[in-house]
Amino acid sequence: MSVQTVDVLYTAIATAEGGRDGRVATDDGKLDVVVNPPKELGGSGAGTNPEQLFAAGFSACFQSALGVVARQRKADITGSRVTAKVGIGKAGAGFGLEVELVVSIPGTDEATVRELTEAAHQICPYSNATRGNIKVGLSVA
């Protein structure tokens, strides 16, 4: 598998201190959060965690990709929602992630939602970054 080259248009910069039990912030100060492991992983659960941040980014990015596909196909996705469920667990000697994306488009038949979802999955940067690396499931709500 070859590495995809990208004509970079924007670079996000974030710095973590303390790993999973610390703080993460962007260079522009727009994001500055305390991170703590969830209770399920033995942490306090007091702050957010990397899996929640990944879920937030993936769902927002996928929602945008869905919008691009909808505009191309002149489909109405008003009121649509994308929920990303990011799981973490043991994988071999370390840990791994898996994702389920749940797409809802009110007033749209299931077949059309599935078609739009599959098309969005082909262009979403997060989908492209994870493809072949982790399990990503697509579901219709």
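This is a predicted model: local features need pLDDT of at least 70, side-chain atom pairs count only at pLDDT 80 or more; totals for chains, interfaces and linings use all residues.

Three strands make an open sheet in the order E4-E5-E6, and their pairing is mixed. Strand E4, residues 81-91, and strand E6, residues 135-140, are the edge strands, each of them pairing on one side only. From one strand to the next the twist averages 20 degrees. If you look at strand E5, residues 94-104, you will find that 6 bridges join it to E6 and that these two strands run parallel; Val103, for instance, stands opposite Val140 in E6. Helix H1 packs on this sheet, where it touches E4, E5 and E6, and its direction makes about 140 degrees with that of E4. Helix H2, in turn, lies across E5 and E6 and runs at about 150 degrees to E6.

Now let us stay with helix H2 and ask about one of its residues: is Leu116 buried or exposed? Leu116 lies in H2, which covers residues 110-123, and it counts as buried because its relative accessibility is 3%, where the cut-off for buried is under 20%. Leaving aside neighbours within four places in sequence, Leu116 is in contact with Leu66, Val69, Arg73, Ala75, Ile77 and Ile105. His121 also has its place in helix H2, and at 11% relative accessibility His121 counts as buried. Again without the residues up to four places away in sequence, His121 touches several others, among them Phe62, Asn128 and Leu138.

For a contrast in setting, please turn to Leu41, which lies in the loop between strand E3 and helix H1. Leu41 counts as partly exposed, at 41% relative accessibility, and together with Ile88, Phe95 and Leu97 it makes a nonpolar surface patch of about 340 Å².

Strand E1, residues 14-17, and strand E2, residues 22-26, pair in the antiparallel sense over 4 bridges, and the bridge partner of Ala14 in E2 is Thr26. These two strands form a hairpin with 4 residues between them, and Gly18 in the turn has a positive phi of about 90 degrees. E2 is also joined to E3 by 4 bridges, with the two strands running antiparallel, and here Val24 stands opposite Val33 in E3. The hairpin of E2 and E3 has 5 residues between the strands, and in it Gly29 takes a positive phi near 80 degrees.

Finally, the charged pairs: how many salt bridges does the structure hold? There are 5, and I will show you some of them. As a reminder, side chains of opposite charge can pair when their charged atoms come close. Glu51 and Arg20 meet through their side chains in a salt bridge of 2.3 Å, N to O, and this pair links distant parts of the chain, since Glu51 is in helix H1 and Arg20 is in the loop between E1 and E2, 31 residues apart. Glu51 is buried, with a relative accessible area of 8%, whereas Arg20 counts as partly exposed at 32%. Arg23 meets Glu17 in a salt bridge of 3.5 Å, N to O, and Arg23 forms another with Asp32, where the closest N and O atoms are 2.9 Å apart. Through these shared partners, Glu17, Arg23 and Asp32 are joined into one network.

How values were computed:
Residues are numbered from 1 along each chain as its sequence is written. Side-chain values use heavy atoms; hydrogens and water are left out. Buried means under 20% relative accessible area, exposed over 50%, partly exposed in between (1.4 Å probe, protein chains only). Contact means heavy atoms within 4.5 Å. Patches are made of residues with over 30% relative accessible area and no salt bridge: like charges are joined within 9 Å, nonpolar side chains (Val, Leu, Ile, Met, Phe, Trp, Tyr) within 5 Å. Accessible areas come from the Shrake-Rupley method with a 1.4 Å probe; for residues, only the protein chains shown count as cover. A salt bridge is a side-chain nitrogen of Lys or Arg within 4 Å of a carboxyl oxygen of Asp or Glu. Two strands pair if DSSP finds at least two bridges between them. Axes are lines fitted to C-alpha atoms, for helices over the stretch in contact, and angles run from 0 to 180 degrees between N-to-C directions.
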